[in-house]
Amino acid sequence: MLLSDSVTITDVEAAQKRLLGIAHQTPVITSGTVNELTQSQVFFKCENFQRTGAFKFRGAYNALVQLSVEQKIKGVITYSSGNHAQAIALAGKLLNIPTIVVMPDDAPAVKQTATRGYGAEVILYNRDTTNREELTKNLAAERQLTLIPPYDHPHVIAGQGTTALELIQEVGQLDLLLVCCGGGGLISGCAVATKALLPNCKIIGVEPKLADDATRSFYTKTLQTVHNSNTIADGVRTPSLGKITFPLVLQYVDDMVTVSEAAIIRTMFFIWERLKIVVEPTGVIAAAALLEGVVKAPAARIGVIISGGNVDLAQVIKEAGGNLRK
C-alpha cells in the first residue's frame, strides 16, 4: 500500500491554532501507584475533561469551522453512537450551523440527551436492521447537507491529532504512546503528530477483543470488518477502519493489541477509584493494555490517551457486572 500523506503534522498544527481558546487544553495526570505497578513513568492525557466529555470535539470543530459559507447555512449531518454526535452538535451550536445526528437507538441515554441538549436533531435507527452509512448518505442528499463522518475525514483526523501534540508539548520525550482505536481517527491523528515530533516513540493501538477489526487489518494488511460488536466500549463499535485512516495506521502505527471486556471493566473501576476521575469504558481501553500487562515497557516514559468520560453510570454498572462474571 502506498504511503499516505492525507494528513500531515502541518495539518495538525493548523488545527491546534483553530482550536486555541475553543477546545480545552486537557490536563495530564500521573499516579505513583500506576508508576509502581508498571515500573514506568506514565502520563495520562485526560480527554474526559474535553468539551462534550471526549476528544471528539477537537476533530468536529476543526472540520466544521473550515466549511464554506453555503455549507454552514445548509447544515451538516453525521452518524455516531454518541461522542462524535455530541461534538458535532456543540461545534454546530458554537458556529451557528444546523446539525443532524443519526444515532443507534441503543446508544447510551446520557449521550442522546446531551446531543439534543446541544441543539442537534437526533434521528434514531436500529443497528440490527439499518445501515447507518446508507441512511445518513440518503438524508444528506435529500436535505443538501454536508456529511462529516466520525473518523474518516482529514480535518477530523487532524483535529484529533492535537491530543498527542498537546501531550508531547507538555511532557516532552515519550518512549511509548498507547491509543484506543475504533474507526482510527484518534490513533491516526495522534500517530501523525507523534512520529513527526518523536520519531522513535513507539505507537500502539488498543481495541477490545470483541471489536478487533483494526488489529486484524493491521496484521493482514487487508481491511477487515466486524458486524455490530457487543463490546461494552460503545465508542469503538465501528465496522472497520476507514479509507483514509487505514493507510495512516499502516504507515505510522507500530503495533496493535486487544483487551478483554473484563480487563476494560477492571481498568475503568481502577481509574475511578485510584485516579479519582470519571471515565467511560471506551476511555480506558488504552490504559487497560498497560495496567493488565498486555503491553509491558518497564523504565519507559509512556503516554496513555484517556479518550472520554461520557458514562451512563446505571447502564455501565449493570453491564459491567455481567462482563466480570463471564
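**Strands, a serine and salt bridges**

Trainee: Which residue stands opposite Thr78 in strand 4?

Mentor: The model is predicted, and what follows describes that model. Strand 3 and strand 4 run parallel and pair over four bridges. The residue of strand 4 that stands opposite Thr78 is Val101.

Trainee: Which residue stands opposite Ile77 in strand 6?

Mentor: Strand 3 is also joined to strand 6, by two bridges, and these two strands run parallel. In strand 6, the residue facing Ile77 is Leu147.

Trainee: What is the order of the strands in the open sheet?

Mentor: Strand 3 pairs with strand 4 over four bridges, and with strand 6 over two. The open sheet has four strands with parallel pairing, in the order 5-4-3-6.

Trainee: Which strands stand at the edges of that sheet?

Mentor: The order of the sheet is 5-4-3-6. Each edge strand has a single partner strand, so one side of each is left without a neighbour in the sheet. The edge strands are strand 5 and strand 6.

Trainee: Val76 and Thr78 point one way from strand 3; which residues point the other way?

Mentor: In a regular strand, side chains alternate between the two faces of the sheet. In strand 3, Val76 and Thr78 share one direction, and all the residues named for the two directions are buried. Pointing the other way are Ile77 and Tyr79.

Trainee: At about what angle does helix 5 run to strand 4?

Mentor: Helix 5 covers residues 83-95. This helix lies across strand 3 and strand 4, and strand 4 covers residues 99-104. The angle of helix 5 to strand 4 is about 170 degrees.

Trainee: Is Ser80 buried or exposed?

Mentor: Ser80 sits in the loop between strand 3 (76-79) and helix 5 (83-95). Its relative accessible area is 5%, and the limit for a buried residue is under 20%. Ser80 is therefore buried.

Trainee: How far apart in sequence are the parts tied together by Glu280 and Lys111?

Mentor: The side chains of Glu280 and Lys111 meet in a salt bridge, 2.9 Å from N to O. Glu280 lies in the loop between helix 12 (261-275) and helix 13 (285-291), and Lys111 lies in helix 6 (residues 109-117), so the pair ties together parts whose separation in sequence is 169 residues.

Trainee: What is the relative accessibility of Arg143, which forms a salt bridge with Glu121?

Mentor: The closest N and O atoms of Arg143 and Glu121 are 3.2 Å apart. Arg143 is in helix 7 (residues 132-143) and Glu121 in strand 5 (residues 121-125), so the pair ties together parts that are 22 residues apart in sequence. Glu121 counts as partly exposed at 35%. Arg143 also counts as partly exposed, with a relative accessibility of 38%.

Trainee: Which residue meets Arg132 in a salt bridge?

Mentor: Arg132 is one of the residues in contact with Ser80. Arg132 is buried, with a relative accessible area of 11%. At 3.5 Å, N to O, its side chain meets that of Glu133.

Trainee: How many salt bridges does the count come to?

Mentor: The pairs above include Glu280 with Lys111 and Arg132 with Glu133. Lys45, Glu47, Arg58 and Glu166 are linked in a network of salt bridges. The count comes to 12.

Trainee: How far apart in space are Tyr61 and Ala89, C-alpha to C-alpha?

Mentor: Tyr61 lies in helix 3 (residues 56-64) and is buried at 8% relative accessibility. Beyond residues up to four places away in sequence, Tyr61 touches residues including Arg18, Ala91 and Leu94. Tyr61 and Ala89 are 28 residues apart in sequence, and their C-alpha distance is 9.7 Å.

Methods. Residues are numbered from 1 along each chain as its sequence is written. This is a predicted model: local features need pLDDT of at least 70, side-chain atom pairs count only at pLDDT 80 or more; totals for chains, interfaces and linings use all residues. Side-chain values use heavy atoms; hydrogens and water are left out. Buried means under 20% relative accessible area, exposed over 50%, partly exposed in between (1.4 Å probe, protein chains only). Contact means heavy atoms within 4.5 Å. A salt bridge is a side-chain nitrogen of Lys or Arg within 4 Å of a carboxyl oxygen of Asp or Glu. Two strands pair if DSSP finds at least two bridges between them. Axes are lines fitted to C-alpha atoms, for helices over the stretch in contact, and angles run from 0 to 180 degrees between N-to-C directions.
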